[in-house]
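Student: Could you show me how to read a protein model, going from burial to strands and then to the core?

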Amino acid sequence: MAENKMTTVGQLKMMALRAKADSAAGIAALAALVADGYGHLIPVTLPVANWNGRAQTVKHPSLLANSGYCYLQCGDADCFMDCSDTGIKADNVIKDGEIVFRCEVPPDKDLAVNILRLEVETE
């Protein structure tokens, strides 16, 4: 018979601290790419009041619908786990100045998200 193992509160705290450290390291890596001239960092907020069902459109002038750009998004270190828990994801930019975010479960607070715009080679 398989042994059932329980996760202790201490283990959960350690997992949360590790996840926060991992997200901070990821954001630092994104910032390094931007500092080295490889991309443009676009910080945005997803206000809780702007969710329409499980989607919301965010506007920012640096979002360009151009095949020469690729966009990556990551929750800010302070809300990384909230973004993960609610399944926040962004669609491709198909209209200049706008990006649509979707979620599995609407969050119960505003979320800070960093979008990295990278230049990519097109054929």
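Student: What percentage of the 123 residues in the chain do buried residues make up?

Tutor: A residue counts as buried under 20% relative accessible area, as exposed over 50%, and as partly exposed in between, with a 1.4 Å probe and protein chains only; here buried residues make up 29% of the 123. This is a predicted model, in which local features need pLDDT of at least 70 and side-chain atom pairs count only at pLDDT 80 or more, while totals for chains, interfaces and linings use all residues. Residues are numbered from 1 along each chain as its sequence is written, and side-chain values use heavy atoms, leaving out hydrogens and water.

Student: In which order do the three strands of the open sheet lie?

Tutor: Strands of a sheet pair through backbone hydrogen bonds, either parallel or antiparallel. Strands are DSSP runs of E with at least two residues, numbered from the N terminus, and two of them pair if DSSP finds at least two bridges between them. In this chain the order is S2-S5-S4, with antiparallel pairing, and the edge strands are S2 (55-59) and S4 (89-90). Two bridges join S4 to S5 (residues 98-102), and Lys-89 has Arg-102 in S5 as its bridge partner.

Student: Which residues touch the most other members of the largest nonpolar core?

Tutor: In soluble globular proteins, nonpolar side chains tend to be buried together. A nonpolar core is a set of buried Ala, Val, Leu, Ile, Met, Phe, Trp, Tyr and Cys residues joined through side-chain atoms within 4.5 Å. The largest one here has 17 residues, and those touching the most other members are Val-44, Leu-46, Leu-63, Ile-88, Ile-99, Phe-101 and Ile-115.

Methods:
Helices (H or I, at least four residues) and strands (E, at least two) are DSSP runs, numbered from the N terminus.
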